[in-house]
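Biologist: Please take one part of this model and look at it closely. Start with the wider setting, then zoom in and tell me what packs where.

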Amino acid sequence: MAKNIPLKETIKEYILSTIGVILTALGLVIFLIPNNIAAGGASGLAIILHSIIPLSVGVWMYILNGILFLIAFLIIGFDFSYKTIYCTFLLNFFIDFFDRIIHIPTYNGGDLILAVFFGDILTAIGMAITFSQNASTGGTDILAKIFNKFFSTPMGTTLLVIDFTIGFFAGVAFNPKIGMYSILAIIINGITIDFVLKGLELAITVTIISDNNKPIEEFILRNMGRGFTYLKGKGGYTKKDRDIIFVSIRRRELGELINFVKKVDPNAFMIVNESRYVLGEGFKRNL
């Protein structure tokens with residue numbers, strides 16, 4: 001645990017990561033695993049291996065991730081956060097728990113498009129929540145790290161190639177139709193994760209030029225609980241020196257800020273920008 005991260009924030013990150021892992025496990029166990037949709041990752045490889053040697057998918061994931069982590073430790077050293085190790089093996093546990101122990105109801109033998117769609121929605125939301133807490137669920141991410149270290153291949157491209165290869169082998173192990181649905185699931189999953197992450201992490205930066213800064217300053221500090229920065233500016237027409245407020249907020253807070261600024265200064269000039277990442281107090285600590 002990093003010393004500069006408060007315990008409360010660390011606990012929150014682990015709780016949210018756990019929720020993300022549970023959602024991912026539910027999507028896999030209810031929709032993807034019963035229909036042999038190998039949507040990449042260690043779970044996809046485990047589904048294929050399950051068809052060859054009838055160990056449960058959860059057990060196969062324990063074996064695969066254990067081997068991958070061991071190889072990674074030997075080759076590239078301890079290059080994984082504790083949260084990533086925690087989330088990886090927690091996902092294995094929940095998949096095994098839901099599948100073998102409590103036998104939750106599954107969607108099996110129906111429309112494969114529905115299985116892909118709802119399975120991807122659940123897993124993508126779960127993985128996006130986990131990723132947003134600076135963790136991952138291991139699996140083929142580890143292989144991508146190894147390739148990146150020795151061949152300088154981009155992580156994203158390597159992951160895509162590995163996942164598509166798993167989808168191809170699903171077609172060999174089961175039938176071409178399953179292989180095509182697996183590749184479709186990989187594509188939809190990637191798009192959905194990006195979409196959800198953008199919604200979870202997107203921040204807004206607002207530049208406010210006003211002749212009535214004091215109440216705006218107090219509102220940002222006291223009501224919104226945010227900090228801000230004064231930038232020095234000079235009017236191009238008036239040549240008047242002025243203090244410009246620059247603040248980063250969550251997207252959901254934007255309407256509240258705009259309404260207040262317009263209330264205290266109807267002539268205020270505001271510039272609103274979307275920011276992919278904001279790092280620091282009140283936001284993510286690191287990427």
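**From the whole chain to one helix**

Modeller: Residues 112-131 are 100% helix and 0% strand, and 27 Å separate their end C-alpha atoms. Keep in mind that this is a predicted model. That span comes from a record: the unreviewed UniProt entry lists 112-131 as a "transmembrane region", along with 14-32, 37-53, 151-172 and 178-197. Residues 37-53 are 71% helix and 0% strand. Their end C-alpha atoms lie 17 Å apart.

Now the whole chain. The chain has 10 helices and four strands. Its order along the sequence is α-α-α-α-α-α-α-α-β-α-β-β-α-β. The C-alpha atoms fill a box of roughly 75 × 45 × 35 Å along the principal axes. Of the 287 residues, 45% are buried. Take the contacts between residues at least 6 apart in sequence: 71% of them join residues at least 24 apart.

Domain 1 is 8-200, and domain 2 is 202-274. Their centres, taken over C-alpha atoms, are 43 Å apart.

Next, the cores. The largest nonpolar core holds 31 residues, and Ile33, Ile37, Val57, Met61 and Ile95 have the most contacts inside it. Six helices each supply at least two of its residues: H1 (7-32), H2 (41-52), H3 (57-76), H4 (82-101), H5 (112-132) and H8 (176-201). H1 gives the most, with seven residues. Ile95 shows the packing in detail. Setting aside neighbours within four places in sequence, Ile95 is in contact with Ala25, Leu28, Val29, Ile33, Val57, Gly58 and Met61. Another core, of 16 residues, lies apart from the largest one, and among its members are Ile208, Ile245, Val247 and Ala268.

Two loop residues deserve a backbone check. Asn36 sits in the loop between H1 and H2. Its phi is positive, near 60 degrees, though Asn36 is not a glycine. Asn36 counts as partly exposed because its relative accessibility is 25%. His103 is in the loop between H4 and H5. Here too phi is positive in a residue that is not a glycine, at about 50 degrees. His103 has a relative accessible area of 55%, so it is exposed.

Take H10 and its residue Glu256. Leaving aside neighbours within four places in sequence, Glu256 is in contact with Phe219 and Met224. Glu256 and Met224 are 32 residues apart in sequence, yet their C-alpha atoms are 8.9 Å apart. Glu256 has a relative accessible area of 41%, so it is partly exposed.

Then take S2 and its residue Leu231. Again leaving aside neighbours within four places in sequence, Leu231 is in contact with Arg242, Asp243, Ile244 and Phe246. Leu231 and Ile209 are 22 residues apart in sequence and 9.9 Å apart in space, C-alpha to C-alpha. At 36% relative accessibility, Leu231 counts as partly exposed.

How values were computed: Residues are numbered from 1 along each chain as its sequence is written. This is a predicted model: local features need pLDDT of at least 70, side-chain atom pairs count only at pLDDT 80 or more; totals for chains, interfaces and linings use all residues. Side-chain values use heavy atoms; hydrogens and water are left out. A nonpolar core is a set of buried Ala, Val, Leu, Ile, Met, Phe, Trp, Tyr and Cys residues joined through side-chain atoms within 4.5 Å. Buried means under 20% relative accessible area, exposed over 50%, partly exposed in between (1.4 Å probe, protein chains only). Contact means heavy atoms within 4.5 Å. Domain bounds come from an automatic or database domain assignment. UniProt positions are given in the numbering used here, feature names are shortened, and annotations may be inferred rather than shown by experiment.
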